[in-house]
Structures are given as C-alpha cells and as structure tokens.
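Please examine the model shown below together with its sequence.

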Amino acid sequence: VAIKGSTQLGNTATAVDGSYLLNEVPLGGDYTIVPQKTEDPINGVTTIDLVIIQKHILGLSTLKTPYQHIAADVDKSGHISTVDLIRLRKLILNMETTFPNGNTSWRFIDANYAFPPGQDPLKVTFPEAKNLNNFFSKEGRADFVGIKIGDVNMSAKPNSLVNTDGRTTNGELIVETNNQSFEAGEEISVEFSAEQVAQIQGFQFTLDFDRHLLQLLDTENGELPQWSDGNLGTADLTNGLISTSWDNKGENVQDGRRKLFKLRFKALRDAELATALTLKEAPTPAEAYNQAGELMQVLLKVNESIKQPGEGVHLYQNYPNPFSSETAIGFTVPKRMNAQIRIVDAAGRLVFQQAGNYEKGYNEVKVPEQSLPAQGLYYYQLSTDSFTATKRMIYTTRR
C-alpha cells in the first residue's frame, strides 16, 4: 500500500488477512491511499478462465459482477474481446510474463464504491485509490476490493499463506501416446491423443521431455477445432518443457479418440519414450474441465507396443530412487541369456557396467554408492542381443 500526500509516508505491507495500519499520521494533511500488487501474474489464471470469458463474448453466458468484467479486461482496453483471450493464453503458456498496456497483476477498487446499475463497468471511472483530505480522525479507514486480472473464477491465492490443500477433481482426461525405442541421431514422431475430448470444455498441461535424450524439431496441429500454433507454448524448450492450453469455443467435437498434437524429435541418446516423457505442474498445471466446469485430472499414459523386439525382457525402475547408499536395478528375461547393465552420467560418461549370463525370470543388480562419482542424474541401460531399454535414476548424498 502506497501512501502519498502533503507529508510523504512511503509504503507499508498488509498483513496476511489484508489489513494494514499506519501509525503517527500527521493530522490535518491530505493523503491518498494507493494499493499495489504486481507480482505473480499467473496466480489463479487457467484455461477455465478462457472458457468463461469466451462464453461471455459469444453471449452464451455473462460475467455476473463488475469485478469479473475488470478481471476479464486483460489488455486494459476498456472492453472484453478475443484479444484478451489471446493475451491470457500466452500468459498461461508462459509465452508472456506480464499484462499488456500497463495492466498490473492486481487492481484495487474502493470497497465503498457502487457501480452504476445497468452500465458497462468498464465504461465508468471507478476509484482505484482513496483520498483522505484534511485528515483529523485517529481512526481513518480505507478498504479496497482486490481483483486478480485474468482470474474470472476467483481462484487466485492472495498470499502464500492461504490454505493450498489438494483440490477436488471430478474424473480424468488421459492423454496417450505409444512407447517407442529410439537410437541416437534418429528422428521420431510422437502423436498425443485422448478419448474424452468431446466431453470436456478445455484442458491444459506441461509436457516434460528429457532434454538429455530428445531435442524438439517441429510441432504439428491435431484434430481439435480452432487448434493452432498458439495452443502450444515453447518458451521453456531449454528446460525440456512444452505447455499446452485448449478450450472448446462452442464447436462440436466428434466422439472417440482425437489427435491433440504431434511432436517431432531428434534422439540424442539411445532410450525409449516411457523414460523420456512425463507431465509437470509448472509452468502450466495439468488440469481439464468437464461440461459443468468442474476440475478434472490430466494423466499421461505411454502405451507399450503390442510387439517389441526382445519380448519378455523388461527393465524396472531402480529402488529406492532417489537413493543415497545403495540401489537395486531389477529386470526380467524370458530364458537364460547374456545381458548387460550400464550406467552413464548426464554427460554420457560410462561410470558403471556389469555383464553376466542371467537366469530366466527376475534378476537384480546392486549398485553401491561407491560406484558413482558424484550426486546427480544418471541413466541406466539394460542390453541383450535383441532388446535395449533405458531409465533415469537420481543419486543424492546422505542427509
């Protein structure tokens, strides 16, 4: 909160509940209270806000309060349009990190102000400060309503101490792709699809691909209506992150499996997709919305191929993982055969290997901490004459 006036008082921070107190304010002065909060623009902003604003623009439903209108005016133009949707989606996808035209993360309106009934709230001049003139009261009070820009469903957390317990979800959207093995230098296409798209209003998520294993070359649009390059965010490719956001703009989506998008990668090392792909909760949290606007989970499923070379051979995730003293790498083979376990560091340097003639069924290789030079990320690989698989593991120092 900034306090300006005939006697400069500076700024003061609010408490957790939003209250603030100014002591020793000289009497008789003129003062203006100006609330400010500019950080964390993505707070409370998700694809469901796009859904709600889009319905307002199309006349399918209307924003109910003046505060929602102000929140929806993302570009601070004085009216709500598709431009606001475009800028908001860029924020969701981390393609932009601030609001345009000087709009701030939060705007504040004098709590005592009443918007004129029947008028467009964006066409009136509403007070974003409070004047205390000829101040003589020892208990002067200035209350404000905070509006998080872009957050029309009012899901923002005003501060980090607000309860952030797990959210209730209603069902799942399962995003699927098929597993495939790849070799260093090979180019592969990876298609992502989902069954339930006709039953949802929108979705968003962040795909995490292991940048030590894959390099993104190109993207291809899928079958969803009005999908374009603007539905994928590639600002975090150096960290192996691709964000996506899509909402149904009132068009029919055919039932059945629908292709969402396709990615083309160059393989940097020998591995498989099941090792290289996961979902991540930042910068774009994984969530979808059913027809009632209720929150749904988004899950990634990497389907195993029906037939694979070396069928009957399987490499398991090491346990424990992460580990600090010793870990075990388990695998199965369909008959007695030669196999090799290799471990390389993030730079591709070989740090451990063990080969042997292993019995049919489950086998295990123990890896003591002394086998690894330093804490960090490692890749372990099982190889037979007809099968190769790679997984990740993390070695940490003891607490």
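## Secondary structure and basis of the report

The chain contains 4 helices and 25 strands; helices (H or I, at least four residues) and strands (E, at least two) are DSSP runs, numbered from the N terminus. This is a predicted model, in which local features need pLDDT of at least 70 and side-chain atom pairs count only at pLDDT 80 or more, while totals for chains, interfaces and linings use all residues. Residues are numbered from 1 along each chain as its sequence is written, and side-chain values use heavy atoms, with hydrogens and water left out.

## Overall dimensions and surface

The chain has a radius of gyration of 27 Å, whereas a compact globule of 399 residues would have a value near 21 Å. This radius is taken over C-alpha atoms, and the globule rule is 2.2 Å times the number of residues to the power 0.38. Along the principal axes, the C-alpha atoms fill a box of roughly 90 × 55 × 35 Å. Of the contacts between residues at least 6 apart in sequence, 72% join residues at least 24 apart; a contact means heavy atoms within 4.5 Å.

Of the 399 residues, 44% count as buried. Buried means under 20% relative accessible area, exposed means over 50%, and partly exposed lies in between (1.4 Å probe, protein chains only). The accessible surface of the chain comes to about 20,500 Å², and carbon and sulfur atoms account for 47% of that surface. Accessible areas come from the Shrake-Rupley method with a 1.4 Å probe, and for residues only the protein chains shown count as cover.

The chain carries 38 positive and 47 negative side chains, and the centres of the two sets lie 2 Å apart. Lys and Arg count as positive and Asp and Glu as negative, while His and the chain ends are not counted. Each charge is placed at NZ of Lys, CZ of Arg, CG of Asp or CD of Glu.

## Aromatic pairs

The structure holds 14 aromatic pairs. Rings of Phe, Tyr and Trp (its six-membered ring) pair if their centres lie within 6.5 Å; planes under 30 degrees apart count as stacked, over 60 as edge-to-face and the rest as tilted. The pair of F115 and F126 is tilted, because the ring centres are 5.9 Å apart and the planes stand at 50 degrees. Both F115 and F126 belong to the loop between β4 (106-110) and β5 (130-132), 11 residues apart. F115 is buried at 15% relative accessibility, and F126 is likewise buried at 12%.

F331 and Y358 form an edge-to-face pair, with 5.0 Å from centre to centre and 85 degrees between the planes. F331 lies in strand β20 (residues 326-333) and Y358 in strand β22 (residues 350-358), so the pair ties together parts that are 27 residues apart in sequence. F331 is buried at 0% relative accessibility, and Y358 is buried at 11%.

N43 is located in the loop between β3 (31-34) and α1 (47-58). With a relative accessible area of 12%, N43 is buried. Leaving aside residues up to four places away in sequence, N43 touches W106, K148, A156 and K157.

K301 belongs to strand β18 (residues 295-303) and is partly exposed, with a relative accessible area of 42%. Again leaving aside residues up to four places away in sequence, K301 touches I174, V175, E176 and T177. The C-alpha atoms of K301 and L277 are separated by 9.7 Å, and the two residues are 24 apart along the chain.

## Backbone features

Most residues other than glycine have a negative phi, and most peptide bonds are trans. The peptide bond from A282 to P283 is cis, with omega near 5 degrees; P283 lies in the loop between β16 (277-280) and β17 (287-290). The bond from N321 to P322 is also cis, with omega near 0 degrees, and P322 is found in the loop between β19 (314-315) and β20.

K76, although not a glycine, has a positive phi of about 55 degrees. K76 is placed in the loop between α2 (66-72) and α3 (82-92) and is partly exposed at 38% relative accessibility. N101 is not a glycine either and has a positive phi of about 55 degrees. N101 lies in the loop between α3 and β4 and counts as exposed at 58% relative accessibility.
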